[in-house]
Amino acid sequence: MIKMENSKIALPIGITLDRFIKKIENLHTNTKGELSQLLRDIALASKVVNREINKAGLVDILGNVGQQNSGGEEQQKLDVLADIRFTRALSKGGEACGVISEEVEGFVDFNNQGKYLVAIDPLDGSSNIDVNVSVGTIFSILKRITPIGTPLTEADFFQNGTHQVAAGYILYGTSTMFVFTTGDGVFAFTYESTLGEYVLSHSNMQMKEEGAIYSINEGLSKSFKDQGILQYLDYCKAQSYSARYIGSMVADFHRNLMKGGVYLYPATVDYPNGKLRLLYECNALAFIAEQAGGKATNGKERILEIEPKSFHQRTTLYIGSKKMVEQIEDCIK
Ligand code: P6P
């Protein structure tokens, strides 16, 4: 039974992800279940990645493979494994016609009849793997704009974030959680390993308008290009806010979603346009933040309205509780 409470979905806590997806499918007219199946394919791949992360300490899949990804960052073995798992699941599932990934230079065209595109960071925060700190997968789903059956083009992927049909993340933490939105609110599912199922644990999640936690790498303060950020950090300290920075954005974002707070990655000398990737990190989390009543900006414009011009485009990012993000924008002005 689905009650539409102020245009949100109300389904019983404990319902499995599969049943939840099936139920919300009926909410959207003229869908033949392709998006539902795509979400299931992503969830299934995440269960395999979760298993590999959990045994990383036992099996020799730790440490770098000695290659670098598209951004010149050292690829950890689990990064590569996660990319293979998600890409294979998407290709076999048939609902996605193409994918871009942090681990791959360009886009992959599956040459099928699928109508959805996926932008994915298979394992964000992977530098934390060796020290047993939470890591995450981030995904964003778009509809292709060129005709089905023709070769994919860059234009299919270069749609701004307002065109996302769904977005989410998997947090491999003390528990593994699958959090996503299709535009009808934010829902979190906790993995119950004895069942091998994700079960609904948080429904219609809302981010506090104001929090008391700020997440930023203050060690980079001397290289921030915008002095307004230092002014905001002084404000946080004057308010005795808590500084929490995990080094895995998904984990910082999720805590801020649950408790209120803000995550900041400003422009620095090393990253003059910001470090985080627009297409497969920031757009997805910005969609979730806004669906939960929060805000996401690059300091001047809404993340979801930034026009993509390259697959691995970076952006500055201020995301979280609405009033906190607005205060940062005021400091930057
Ligand atoms: P820094 C991980 O590499 C990541 O993309 C985010 O998950 C994390 O918040 C940030 O970069 C950490 O970057 O420069 O503070 O080490």
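Start by selecting Lys295, Lys322, Glu326 and Glu329: a network of salt bridges links them. A salt bridge here means a side-chain nitrogen of Lys or Arg within 4 Å of a carboxyl oxygen of Asp or Glu, and by that rule the count comes to 13.

Before you move on, a word on what you're looking at. This is a predicted model, where local features need pLDDT of at least 70 and side-chain atom pairs count only at pLDDT 80 or more, while totals for chains, interfaces and linings use all residues. Residues are numbered from 1 along each chain as its sequence is written, and side-chain values use heavy atoms, with hydrogens and water left out.

Next, pick arginine 277 and glutamate 102, a salt bridge with its closest N and O atoms 3.6 Å apart. Arginine 277 sits in strand E16 (residues 276–277) and glutamate 102 in the loop between strands E5 (96–101) and E6 (107–109), so this pair ties together parts 175 residues apart in sequence. (Strands, E, are DSSP runs of at least two residues, and helices, H or I, of at least four, numbered from the N terminus.) Arginine 277 is buried at 3% relative accessibility, and glutamate 102 is buried too, at 8%. Buried means under 20% relative accessible area, exposed over 50%, and partly exposed in between (1.4 Å probe, protein chains only).

Now jump to helix H6 (residues 249–259), where aspartate 252 and arginine 255 are 3 residues apart, about one helical turn. Their side chains meet in a salt bridge, 3.1 Å from N to O, and both residues are buried.

Last stop: lysine 333 and aspartate 330. Their salt bridge puts the closest N and O atoms 3.6 Å apart, and both residues are exposed.
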